[in-house]
Amino acid sequence: MIQTTAQQDEIVMAEALGEAEAAARDGEVPVGAIAWLHGKIVGRGRNRGIVLHDPTAHAEIQALRAAAWCVGNYRLPGLTLYATLEPCAMCAGALLQARAARLVYGAHDPKAGAVESRFRLLSDPRLNHRVEIISGVLAEKSQNLLRQFFEERR
């Protein structure tokens with residue numbers, strides 16, 4: 001059976017949700033990311049800022065670093081990044097620097113989202129690269145995981 005792009009997006013996003021769940025078990029904000037290139041996972045990431053004492057250790061950055069290491073290049077043309085939450089400005093900037101082709105994300109981030117909610121960095125015509133954006137993939141599961149995490153801390 002041949003999968004559609006939408007089916008593939010849901011399957012890979014489920015992997016990103018697994019990374020988000022692992023982040024929550026570590027006491028981190030549950031955000032996960034998967035770097036997908038040429039039909040396979042080339043990088044995984046989850047929020048690790050608390051554990052690593054690193055403000056740049058967002059899930060997306062972790063996945064992009066792993067992908068760049070795997071490929072042997074900081075440029076990642078053709079890459080799709082799957083993230084459970086809309087990326088912030090730092091992570092959106094990293095996608096632009098990597099020359100990623102696509103971003104597939106789950107939940108919108110009305111407070112810090114830099115893709116569609118607060119800013120539109122990946123589609124800004126003033127920049128020399130654009131990233132295709134697909135949003136809302138398994139968004140409810142992503143939102144529920146975040147909601148549960150923060151409710152437990154209140």
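A salt bridge is a side-chain nitrogen of Lys or Arg within 4 Å of a carboxyl oxygen of Asp or Glu. The legends below describe close-up views of a predicted model.

**View 1. A salt bridge joins R126 and D124.** The closest N and O atoms of R126 and D124 are 2.5 Å apart, and this pair counts as a salt bridge because the cut-off is 4 Å. In general, side chains of opposite charge can pair when their charged atoms come close. The structure holds 8 salt bridges.

**View 2. E19 forms salt bridges with R44 and with R46.** The side chains of E19 and R44 meet with an N to O distance of 3.2 Å. This pair links distant parts of the chain, with E19 in helix α1 (residues 5–25) and R44 in strand β2 (residues 40–46), 25 residues apart. Between R46 and E19, the closest N and O atoms are 3.0 Å apart. Here too distant parts of the chain are linked, as R46 in strand β2 and E19 in helix α1 are 27 residues apart. E19 has a relative accessible area of 10% and therefore counts as buried. R44, with a relative accessible area of 37%, is partly exposed, and R46 is likewise partly exposed, at 23% relative accessibility. A network of salt bridges links E19, R44 and R46 with E15 and D26.

**View 3. E86 is buried yet has no salt bridge.** This residue is found in the loop between strand β3 (80–85) and helix α4 (89–98). The nearest side chain of opposite charge to E86 belongs to R120, 7.7 Å away; E86 and R120 form no salt bridge because the cut-off is 4 Å. A polar atom of the E86 side chain does, however, lie 3.1 Å from the backbone nitrogen of V115. Leaving aside neighbours within four places in sequence, E86 is in contact with several residues, among them Y105, A107, H108 and D109. The contacts of E86 also include G113, A114, V115, E116 and S117.

**View 4. A92 lies buried in helix α4.** The relative accessible area of A92 is 0%, so this residue counts as buried. Apart from neighbours within four places in sequence, A92 is in contact with P87, A114, L121 and L122. A92 and A22 are 70 residues apart in sequence, and their C-alpha atoms are 23 Å apart in space.

**View 5. The rings of F149 and F150 form an aromatic pair.** In general, a pair of aromatic rings is described by the distance of the centres and the angle of the planes. The structure holds 1 aromatic pair. In this pair, F149 and F150 are 5.1 Å apart from centre to centre, with 85° between the planes. The arrangement is edge-to-face because the angle is over 60 degrees. F149 is buried, with a relative accessible area of 6%, whereas F150 is partly exposed, with a relative accessible area of 35%.

Methods: Residues are numbered from 1 along each chain as its sequence is written. This is a predicted model: local features need pLDDT of at least 70, side-chain atom pairs count only at pLDDT 80 or more; totals for chains, interfaces and linings use all residues. Side-chain values use heavy atoms; hydrogens and water are left out. Helices (H or I, at least four residues) and strands (E, at least two) are DSSP runs, numbered from the N terminus. Buried means under 20% relative accessible area, exposed over 50%, partly exposed in between (1.4 Å probe, protein chains only). Lys and Arg count as positive and Asp and Glu as negative; His and the chain ends are not counted. A polar contact is a pair of N or O atoms within 3.5 Å; within protein, one must be able to donate a hydrogen and the other to accept it, and residues adjacent in sequence count only if both atoms are side-chain atoms. Contact means heavy atoms within 4.5 Å. Rings of Phe, Tyr and Trp (its six-membered ring) pair if their centres lie within 6.5 Å; planes under 30 degrees apart count as stacked, over 60 as edge-to-face and the rest as tilted.
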